[in-house]
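Here are my notes on the model, point by point. Please read them with the structure open.

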Amino acid sequence: MAKKFNITGRCYPAKHYMADVSKKMAQIYTMVEEGDYFIINRPRQYGKTTTLFTLSSMLIKSGDYLVFNTSFEGLGDSTFLDEAKFSETFVLLLAELADIYAPELSEWLHEAASQTETLKDLSRLVTDLVKKTAKKVVLMIDEVDKSSNNQLFISFLAMLRQKYLAQDIFGTFHAVVLAGVHDVKSLKLKIRPNEEQKYNSPWNIAAEFKVDMNFNPSEIKPMLDDYVSERGVKMDTSLMSERLFYYTSGYPFLVCKLCKMLDEDILPAKDVKEWTESDLEKAVQRLLRESNTNFDSLIKNLENNKELYESVYSVAIDGETRGFSIHNPSTNLGFIYGIFVDNNGLAIHNRIYREVIVNYMTDKMHSLQLSKGIDFGGGYRNVDRSLNMELVLTKFQAFMREQYSKKDRDFLERNGRLVFLAFVKPILNGAGYDFKEPQISEERRLDVVLTYYEHKYIAELKIWRGQEAHEEGLLQLANYLDRQGLTDGYLLIFDHSSVKTWQTDRVVVKGKNIFMVWV
């Protein structure tokens, strides 16, 4: 059976094409060797489960370790409400794994389960367990934050911490690896039942997990080489690895999802068995139009947190530049959910997410009464299937001028860029797409790359900040056009002056024709 690209659950080397993460795994293996307790907290569909299984296999293969790789997924909430039930259930989880990896301990663990009624009992059992084997015992728990807001779970972590701190006296796990979305180091600990919760983390013994879980191009390429070798598909694997990274910044789910779409959707419709850059662009556009659990989770997280929504809006739409501070609650939440990344400042993690976010915010704009006045009529398409961009901009200017009143002024100044993106979207109407490229500068530029059939256009959106900044911006746009191999560019200037000019102008900069519109 041929391998596939996998986007759900654990990956198996014999069944799935996998990135070469051997260097990452070597780093994690070293942490276990050194007896570290740590948590792999990354967003969902980031390869945490596969990482635990790969690590477990490596440790078992060495012959030095007895590994209990379990998960809290599937345990009912009631398990975490009763100390006796939790303690017994946890021992049974260990016993089931002992059936496979440590038969000599299996019967003892099964019998001990019903006698383990408290966390103290569980603590003693752990000590007895490590004494019964000559191997180093490693505990791994996936989906560890399933009930991380529960006091019993926090007390369980506190028990592991106490044993860790007294490991020279009482036997305990050599290493503990937890995996989940949230970092349990930030959990509050309630020492006594009636005491107010305090930031006294039961997991402050954890070593910092610094391994970059994103796939870089050198890790993606071996996966594509494997695919080419097995399937006989023609491909420049170096180039495709770089382009996959360009769109995804190495987010594991997105990399594998695009590869899966190329293999299962794009390739079968072609006469030649080959992956090209244009094929990848098609896959990206299909991905942006579909609904999946990853995107649904992204949007849900924005909808459920107003502060996070505003932070994401300021970065994705306004092009606001700010330092990355993990101590800022909305920044930290965005980082936990895989939305934000520290890219010499706060940034959206990857281009795919940026497009999903902007498209979602644009769609919300269409639901507003304001958008009903936008003219989506004909006349934008030329006979050669090119887009009349000058008409697009002047029509948008006319719309803004009509809507610009005391009532709508604040709204338009706050959301002008989003209104323009909402304006453009139905004009493209399946014949093209737009990509947004925020530029990190005082100008807060937003470069919009539009395609329409085989044609490409660059429209730069920026706020008017005076003539000097304007001249500098024109040079930047001209250089950008040169890099894109284009001779014509477009500049949409949002002028927040009390008296507006509503002007249009043309200028030639470094041989590039630039059409400008003020709104």
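1. Glu 355 sits in helix 14 (residues 351-366). Helices here are DSSP runs of H or I with at least four residues, strands are E runs of at least two, and both are numbered from the N terminus. Glu 355 is buried, at a relative accessible area of 1%. Buried means under 20% relative accessible area, exposed means over 50%, and partly exposed lies in between (1.4 Å probe, protein chains only).

2. Which residues does Glu 355 touch, leaving aside neighbours within four places in sequence? They are Leu 288, Asp 434, Phe 435 and Lys 436. Contact means heavy atoms within 4.5 Å. Gln 285 is 70 residues from Glu 355 in sequence, and their C-alpha atoms are 9.9 Å apart.

3. A word on the source. This is a predicted model, in which local features need pLDDT of at least 70 and side-chain atom pairs count only at pLDDT 80 or more, while totals for chains, interfaces and linings use all residues. Residues are numbered from 1 along each chain as its sequence is written, and side-chain values use heavy atoms, with hydrogens and water left out.

4. Now the overall picture. The protein has 17 helices and twelve strands. Its C-alpha trace spans about 85 × 60 × 35 Å along the principal axes. Of its 519 residues, 52% count as buried. Among contacts with a separation of 6 or more, 68% join residues 24 or more positions apart.

5. The accessible surface is about 24,300 Å², and carbon and sulfur atoms hold 47% of that. Areas come from the Shrake-Rupley method with a 1.4 Å probe.

6. Next, the nonpolar interior. A nonpolar core is a set of buried Ala, Val, Leu, Ile, Met, Phe, Trp, Tyr and Cys residues joined through side-chain atoms within 4.5 Å. The largest one has 113 residues, and Trp 275 and Phe 396 touch the most other members. Helix 16 (residues 409-428) gives the most to this core, with ten residues. Apart from it lies another core of 43 residues, including Leu 75, Phe 80, Ala 102 and Ile 205.

7. Look at Phe 396 in particular. Beyond its neighbours within four places in sequence, Phe 396 contacts Gly 416, Val 419, Phe 420, Phe 423, Leu 492, Phe 494 and Val 519.

8. Then the charges. The protein carries 65 positive and 72 negative charges, with mean positions 2 Å apart. Lys and Arg count as positive, Asp and Glu as negative, and His and the chain ends are not counted. Each charge is placed at NZ of Lys, CZ of Arg, CG of Asp or CD of Glu.

9. The whole structure holds 14 salt bridges. A salt bridge is a side-chain nitrogen of Lys or Arg within 4 Å of a carboxyl oxygen of Asp or Glu. One of them joins Asp 226 and Lys 3, at 3.0 Å from N to O. This pair links distant parts of the chain: Asp 226 is in helix 7 (residues 217-231), and Lys 3, 223 residues away, is in the segment before helix 1 (22-33). Asp 226 is partly exposed at 27% relative accessible area, whereas Lys 3 counts as buried at 16%.

10. Two further pairs deserve a look. Asp 121 bridges to Arg 124, with the closest N and O atoms 2.5 Å apart. Both are in helix 5 (residues 119-131), three residues apart, so about one helical turn separates them. Asp 279 pairs with Lys 270 in a salt bridge at 2.6 Å between the closest N and O atoms. Asp 279 is buried at 3% relative accessible area, while Lys 270 is partly exposed at 26%.
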